Amino acid sequence: MTEVYINGKYVGNVENPEDFTKQVINERRKGVISAESNIFYDYKSDEIRVECLKGRVRRPLIVVKDGQPLLTEKHVKQLEKGELKWSDLIEQGVVEVLDTSEEENALVAFWEKDLTKEHTHLEITPLAMLGLTGSLVPYANYTQSARLNIGAKNQKQALGFYASNFPVRMDMDVNLLHTPQLPIVRTIMHEISQYEDHPAGQNMVVAVMSYKGYNMEDAIIINKGSIDRGMGRSTYYRPAIAEELRYSGGLIDEISIPDKDVKGYKSETDYRYLEEDGIVYPEASVAEGDVIIGKTSPPRFLSSMDEYNLASNVRRESSTSLSHGEEGVVDFVLITENEEGNKLVQVRLRDQRIPEIGDKFTSRHGQKGVIGLIVPEIDLPFTASGIKPDLIFSPHGIPSRMTVSHLLELVGGKMGALAGRFVDSTAFQAEGEEDIRKELLSLGFRENGVETVYNGMTGEQYPARIYIGNMHYLKLKHMVANKLHSRARGPIQLLTRQPTEGRAKEGGLRLGEMEKDTFVAYGASLLLKERFDSDRTIVPVCSNCGMIAIKDVFKNKSYCPICSDSEIDDIEISYAFKLILDEFKSLGIYPKLELENKY
Amino acid sequence: MATLKEYQDKLPPKLFEELKDETKGMADSKAKKVAEAVYEEFRMSRVEPGESVGLVGAESIGEPGTQMTLNTFHFAGVAEMNVTMGLPRIIEILDGRAKIKTPMMEIFLKNPYNKGKDIKKIALSVRETVFRDIATEFLINLADSTIEAKMSKKKMDDLSVTDNMVLKAITGTVKGITARIKENVLIVKTKGKEESLNEIYRLKEKLKDIFIKGVKGIKQVLPVKREDEFIIITAGTNLNEVLQLEFVDEERTITNDIFEIADILGIEAARQAIINEVYKVIESQGLNVDIRHIMLVADTICSAGRIKGITRYGVVSEKSSVLARASFETPIRHIINASLVGEVDELTSVVENVMLNQPIPVGTGLPGLVTKSTKVDK
């Protein structure tokens, strides 16, 4: 008796598990049972598991009967004509989709020629084992699987031509590569996914060599000439949004140039780009601190205090301005209404990004790196035919990672560029390395892709021959301009008076607990004090009751509100400690400070 | 040796003894030179005032400790006996846990016994033997309210257990029964009237765990040849009784249960045991930590005269500063308890002064400048 579980729940027993499983599969192929269900007979534990919930990883395979695939030439012809659809194939039971557990009981042939009587399924194409981005990796079957994963992941972060209606879109945080190209070394997935309509990356001449140590640890060297010619250039779009919010009491925000008597009015120069409607004009070149959308809000508290306040009903300034380190050109202004019927203003800023040191690039094989040096074109090594690399890649990145596909793409790309054609590198059915070598030889180059290269600065020939060819490189969305951050002094938090955290708030870099320990271990006591005095405060303390006293700046006098006529001493402590004393007081604990002379 | 006399107070006794041995037969002037050099070396290797030894020790043990977490489980199932090693063991020792995961002893034997003759027999005599070990089958006779337990002759011979010993052990521990042995079958009859099945069953379970011979607590024994003598490694520990066995070398026999050592041999022995055990783990991982850091930790743990782990209930609770205790764990509890008794924090150690942003009293923050102030008459 074999137990049967549906979605992990026990439902009953069957007498003959193998026949039962076969029967279920047959019914499914006939369409009696949903094609989305899968059945798996686990003969080790003698259990049948039926799964039909969401979230299973499944993949399609051609059904094989008696060593013959059910998908025939006739089907293929009908598919080409459009008489047959994918869903028809599944309905007919020609193709079925297996999940990971049913796959355990299937014997899948790679190619039709491998089919034997034992086989139960045939791959539609071996490429179907990979996902979309995975099958965009050239020579994927030549690479370590871990790197294939990284390569597939990197493609999703690449800059390219993401949508052809981009001028009228209001996308958040979007990059556009200026001159994207199709890869020379491509897979059939590039055709299937219509890569021509949304390409990413560019073909670059890549030399595998070191260059003055500036490409160690995965860094890459970039040719300044190539950058000047537009390689790797992209535009970064970022929106600024302001909404006229409605408040209780019929009060409403107003998008306009704020009046001078508005609370929190910035300087006049900050508003200089605004037109009468309170919004910047297109093509204005704005920088840090400039107001993009001028807005005022009603006063925050409409309390009884207003009777005494002469300057009541003063509106608050609440404009949208460029924060620290941001700059750009106003690209597009959109005035519309949102779901609640509030006026909504969106301004799209544009910023040209020229590759600089620290920008991230990658090949399609998980070989990512950051620009380590941008070299003037005249200083770069050149080949006998005068070719200079766009990019220099360090050879140390290869052995430990075993990305053979990276090397294959380089010769493949070289051959394709010289022959003026695309090279097919689809996983498991790529053009062979032998053929590429032969064709490269016939084009008058060394078959192994190596060339004699001369030092760009001295003109001397390098003793070693350099592996040089064409590769498709992708510019990734991580650019230093979005990450660079430093601070000496800057904003502090209201509550703790300690520096703010994070780049967006121009925050400090924390000297944490373990870093503190290093100072203590070294005995650098006074240095430690200096590093931790970001929230240093001077507090008057009553020498009688030991509580924090009051300092009257106008009268230039300190006094204790509890004890009359007591001596007040100023002490220096961290504001955080003053806070914890306050918290003790709120707990009903009396934290008495007993002062004594330090000297 | 008159020349060395002046160094007697300057050098620690052990060092002084060594110096005395080494300079034996040397000319006085030469010996003095050596002594001077030794003293200088000793003086230089002392920790300077203001050195934050605790923190340096914590870092020195903690940093390699982070690497250890990764290697810990690689030893699973390799050794003949499963022993807690790596980070879990260090945590166990430093936390001062009274019940350790794998208690273990290394029993060294006196001269004639450690040559390997009858080593298996000696080892088994140490092992705790319970009735379960010799019984093969239990039968409950409901009609007569008796339990019949078949015993294996072979097992009894191996463990040198006689019928008499079994009878004595059983009648000695369980009251209100009569027991006899007939052809390797132990028959136990309750003296009382009709007993319920439940109670007989409970009696049967009790019989299984009756202690017959050996040392209580020693669950497993393993004779091992180390260098040119045989020792017994045991799982389970009972230092007190093992030391009383006549064939045991009391001087070298050890257990890894620190609390047991502290109970039987005293706190100084426990301190040494902590050092040895921690160092053993660190060494086995191929790490290099100076033993003095571990000595400091052991000193801290044992300084109260009994073992106190480095936890909020152990040494941390002994800290004099409220703020320092509050900064470790459960701050609110410490603050409230301190406020109930009106504790005063003298701000004498590091954490409190970091909180207040005052110079910490270590290193350069330790010395103060004292000046003599004189009144100037005008």
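Predicted model: local features only at pLDDT ≥ 70, side-chain atom pairs only at ≥ 80, totals over all residues.

Residues are numbered from 1 along each chain as its sequence is written, chains are lettered from A and ligands numbered from 1 in the order in which they are written, and side-chain values use heavy atoms, with hydrogens and water left out.

**Cysteines.** I looked up two of them. A:C52 is partly exposed because its relative accessibility is 41%. B:C302 comes out at 7%, so I put it down as buried. I then searched for disulfides (cysteine sulfur pairs within 2.5 Å), and the count over all chains is zero.

**Positive phi.** A:D66 is not a glycine, yet its phi is positive, about 50°. I find A:D66 in the loop between strand 5 (58-65) and strand 6 (68-69) of chain A; helices (H or I, at least four residues) and strands (E, at least two) are DSSP runs, numbered from the N terminus. With a relative accessible area of 61%, A:D66 is exposed. A:M402 also has a positive phi, near 55°. A:M402 sits in the loop between strand 26 (391-393) and helix 8 (404-419) of chain A, and is partly exposed at 46%.

**Domains of chain B.** An automatic or database domain assignment gives domain 1 (9-44), domain 2 (129-213) and domain 3 (319-357). I noted 60 Å between the C-alpha centres of domain 2 and domain 3 of chain B.

**Cores.** I counted a nonpolar core as a set of buried Ala, Val, Leu, Ile, Met, Phe, Trp, Tyr and Cys residues joined through side-chain atoms within 4.5 Å. Which residues touch the most other members of the largest one? They are B:F131, B:I134, B:V166, B:I170 and B:L186, out of 63 residues. Helix 12 (residues 267-284) of chain B gives the most to this core, seven residues. Leaving out residues up to four places away in sequence, the contacts (heavy atoms within 4.5 Å) of B:V166 include B:M151, B:M156 and B:I212. A second, separate core has 25 residues, among them A:M204, A:V208, A:V423 and A:Y467.

**Chain contact.** Chain B puts in 22 residues and chain A 23. Buried area (accessible area, 1.4 Å probe, that two parts lose on being put together, summed over both) is about 1,900 Å² here, with 67% from carbon and sulfur atoms.

**Salt bridges.** My rule is a Lys or Arg side-chain nitrogen within 4 Å of an Asp or Glu carboxyl oxygen. How many are there over all chains? The count is 60, with zero between chain B and chain A. A:D253 pairs with A:K295 at 3.5 Å, linking distant parts of the chain, 42 residues apart. Both ends are buried: A:D253 at 2%, A:K295 at 11%. A:D331 and A:R350 pair at 2.6 Å; they lie in strand 21 (residues 328-337) and strand 22 (residues 343-353) of chain A, so the pair ties together parts 19 residues apart in sequence. A:E409 meets A:R364 at 2.8 Å. A:E409 is buried at 1%, and A:R364 is buried at 1%. Last entry: A:R28, A:R29, A:E96 and A:E102 are linked in a salt-bridge network.

Terms used: Buried < 20%, exposed > 50% of the residue type's maximum accessible area, 1.4 Å probe, protein only.
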